[in-house]
Amino acid sequence: MAESIPSHLLLAFGKRPDIVSTMTKQQVDVTNHSRISELGQRVLNGGSITREEALFLFNLEAASDIFGLMSWANRIREHYKGNKIHLCSIINAKAGNCSENCSFCAQSSFYQTGSPKYGFVDPKPLLEAAEEADNHNVTALGIVAAWRGLNEGPMLDEVCERIRDLKAKGKVRPDASLGLIKSQKVADRLKEAGLECYGHNLESSRNYFPFHCTTHTYEDRLQTIKYLKNAGIKICSGGIIGMGESREDRCDLAFELKEIGANVVPITILNPIKGTPFENYPPLPPMEILKTIACFRFILPRQEIMIAGGRTINLRDMQSMIFTAGASALMVGNYLTTLNQPVEKDLQMIKDLGLDPNWDHNFEDQEPNWQPIELKNAQPVTA
Ligand code: SF4
């Protein structure tokens with residue numbers, strides 16, 4: 001199969017993308033075992049792995065190797081994160097009718113999905129959501145809006161007002177995910193209002209991005225992140241796996257997130273939505289998902305790696321293994337357009353593993369020597 005042809009284009013011609021087998025009859029490869037250990041030990045000692053070394057990990061096939069990889073990822077998580085788990089929840093503050101054409105999204109106006117549509121939320125439901133989040137030990141509540149982005153004007157004033165409301169309540173950390181930021185001034189206003197962390201996924205590698213979105217560019221997203229970082233706002237940025245991207249794309253995404261200095265890295269596993277171009281995508285095998293989480297932990301040892309949407313449907317009984325694969329954060333409560341398992345069940349799962357949802361770190365522990373990187377490829381946001 002030609003590597004450059006993305007799987008969803010093959011689907012369009014009636015072919016099924018390769019399903020990566022993770023259960024082979026291979027015997028334990030001692031060479032792999034010692035190479036995984038060498039890389040794991042290096043990361044534990046404060047070192048980092050190269051892209052080539054990471055690709056070796058992403059391409060592991062044998063279950064014994066993947067379990068070995070996860071064991072090291074778990075140790076790395078424990079070493080840098082202890083037993084604390086960072087919990088986040090979100091509120092869909094403006095739903096549906098989005099002008100963008102992201103192929104995985106139920107809220108895009110390009111697709112008929114039957115997803116709810118409403119305008120920007122009133123203060124009351126937001127404060128109630130904050131109360132509920134706090135009652136469940138959730139650290140942060142993200143205000144999420146389905147639109148292209150934020151300009152200066154009355155909408156920005158309203159958003160800032162809601163952030164101030166949440167901040168004044170003092171229950172949870174007010175986060176937001178409000179699309180593309182059009183100027184430094186907008187980011188500065190959000191910071192002044194009390195915003196601490198902004199969610200803005202890169203979604204996939206630079207190479208794969210145009211295969212799931214053409215109404216804005218990867219560079220638009222990088223420029224938004226640059227404005228936010230300049231304003232002193234922490235970055236929550238990750239991606240979606242299972243969209244037909246290659247392992248190389250996943251590897252490149254992880255390195256891109258390292259370069260931008262993402263503080264929280266949400267990994268969503270595609271939950272195909274009826275009516276979107278990705279509705280018939282085959283699910284990723286659970287072991288492939290766990291391996292991807294472990295590889296991200298090797299590349300991003302100090303970051304909060306958060307598992308977000310799609311975990312219940314894709315991992316089923318293997319959900320709790322996300323932590324032993326290196327995840328240190330969890331999105332709880334319902335997602336934007338799909339349901340999650342009850343938060344009580346998630347809290348029980350965390351407790352049963354001897355983990356603690358009372359997150360008390362701050363993001364300063366992540367990259368003590370990290371210097372802001374000039375985003376080489378960032379361009380002005382397209383109109
Ligand atoms: S992912 Fe965000 S920007 Fe893309 S269509 Fe959905 S709501 Fe709009």
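Reader: Which residue's side chain meets Lys 291 in a salt bridge?

Author: That is Glu 288, with N and O 3.2 Å apart. A salt bridge here is a side-chain nitrogen of Lys or Arg within 4 Å of a carboxyl oxygen of Asp or Glu. This is a predicted model, where local features need pLDDT of at least 70, side-chain atom pairs count only at pLDDT 80 or more, and totals for chains, interfaces and linings use all residues. Residues are numbered from 1 along each chain as its sequence is written, and side-chain values use heavy atoms, leaving out hydrogens and water.

Reader: Thanks! Where do Lys 291 and Glu 288 lie?

Author: Both are in helix 10 (residues 286-299), three residues apart, which is about one turn of the helix. Helices (H or I, at least four residues) and strands (E, at least two) are DSSP runs, numbered from the N terminus.

Reader: And is Lys 291 buried or exposed?

Author: Lys 291 is buried, with a relative accessible area of 0%, and Glu 288 is buried too, at 1%. Buried means under 20% relative accessible area, exposed over 50%, and partly exposed in between (1.4 Å probe, protein chains only).

Reader: Which residues are linked with Glu 288 and Lys 291 in a network of salt bridges?

Author: The network also takes in Glu 61, Glu 245, Arg 247 and Arg 250.

Reader: Nice. How many salt bridges does the count come to?

Author: The count is 22. One of them joins Arg 148 and Glu 100, whose closest N and O atoms are 3.1 Å apart. Arg 148 sits in the loop between strand 2 (140-145) and strand 3 (149-150), while Glu 100 is in the loop between strand 1 (86-94) and helix 5 (123-135), so the pair ties together parts 48 residues apart in sequence.

Reader: What about burial for Arg 148?

Author: Arg 148 counts as buried at 16% relative accessibility, and Glu 100 does at 5%. There is also a salt bridge between Asp 175 and Arg 173, at 2.8 Å from N to O, and both of those residues are buried.

Reader: Changing topic: how many helices and strands are in the chain?

Author: The chain has 13 helices and 11 strands. Of its 383 residues, 57% are buried.

Reader: And what share of the contacts comes from residues 24 or more positions apart?

Author: They account for 79% of the contacts with a separation of 6 or more, a contact being heavy atoms within 4.5 Å.
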